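Hello,

Here is the structure I promised to pass on to you. Please have a look at it first, and then read my notes below.

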Amino acid sequence: RDIAILPKDDLRYGHRLCVAEDSGMLLRSVLLSPAGTPIEKVMFTSITLRESIPDRRFEPTMIEENDVWQRVGIRTEPFELEPDPGWHIEWMPPGFEMTDNAKRVIAASPQPVQHMILTDGLASVSVFVAKPQERSALFEGITRSGALNAFARKLKGYQITVVGEVPEETVRMVGQSIVYRAGRGD
């Protein structure tokens with residue numbers, strides 16, 4: 001069965017899905033630009049369901065001869081911290097809402113990172129607010145990888161990064177609307 005999910009605006013992508021009627025399994029998915037052209041296609045050409053999977057299938061396969069494999073130890077600091085209530089997103093695409101706002105310690109940053117998640121139930125956008133160790137590490141601009149768009153800017157010495165499987169203009173508009181209002185957690 002073919003299913004089309006078409007947006008009412010240019011702020012998110014459309015979807016064309018093919019689902020097996022007997023099992024409900026997704027067989028094909030096409031992500032559509034606001035103009036309706038395919039951006040990304042995923043399709044199963046054959047599926048083999050096994051009763052069990054050997055443990056060796058879960059071992060890493062992308063490690064080269066000279067690479068080093070390391071396991072991260074147990075954290076001694078808290079994973080989640082109180083988010084800074086001063087950070088606000090002034091504009092979200094219609095139908096989107098913030099479903100999470102947390103400050104976390106992550107492996108990629110020596111400083112805690114505030115992470116806000118916006119979604120309309122199908123598309124989602126992540127907003128990251130981080131204090132870099134060096135001002136020279138601040139980045140500004142837009143980047144794209146397939147259907148994933150990212151927008152970055154600096155604000156009051158912080159790196160603001162907005163990432164999502166939404167059009168470039170959407171991440172840009174969300175990113176440019178972020179403000180800091182000290183002492184106001186409304």
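Two strands are said to pair if DSSP finds at least two bridges between them. Keep in mind as you read that this is a predicted model.

With that in hand, let's start at strand E8, residues 113–119. Strand E7 (residues 97–104) runs antiparallel to E8, and seven bridges join the two. One of the pairings puts Glu-97 together with Thr-119 of E8. E8 also pairs with strand E9 (residues 124–130), again in the antiparallel sense and over seven bridges. Here Gln-114 stands opposite Val-129 of E9. E8 is mostly covered, with six of its seven residues buried.

Next, the turn. The hairpin of E8 and E9 has four residues between the strands, and Gly-121 there takes a positive phi near 100°. The backbone nitrogen of Gly-121 also lies 2.9 Å from a polar atom of the Thr-119 side chain.

Thr-119 itself belongs to E8. Is Thr-119 buried or exposed? Its relative accessible area is 17%, so Thr-119 counts as buried, the cut-off being under 20%. Beyond its neighbours within four places in sequence, Thr-119 is in contact with Gly-95, Phe-96, Glu-97, Thr-99 and Ser-124.

Finally, there is a threonine in a helix to look at: Thr-170, in H1 (residues 168–176). Thr-170 has a relative accessible area of 1% and is therefore buried. Which residues does Thr-170 contact, leaving aside neighbours within four places in sequence? They are Asp-10, Leu-11, Arg-12, Trp-91 and Pro-93.

Terms used. Residues are numbered from 1 along each chain as its sequence is written. This is a predicted model: local features need pLDDT of at least 70, side-chain atom pairs count only at pLDDT 80 or more; totals for chains, interfaces and linings use all residues. Side-chain values use heavy atoms; hydrogens and water are left out. Buried means under 20% relative accessible area, exposed over 50%, partly exposed in between (1.4 Å probe, protein chains only). Contact means heavy atoms within 4.5 Å. A polar contact is a pair of N or O atoms within 3.5 Å; within protein, one must be able to donate a hydrogen and the other to accept it, and residues adjacent in sequence count only if both atoms are side-chain atoms.
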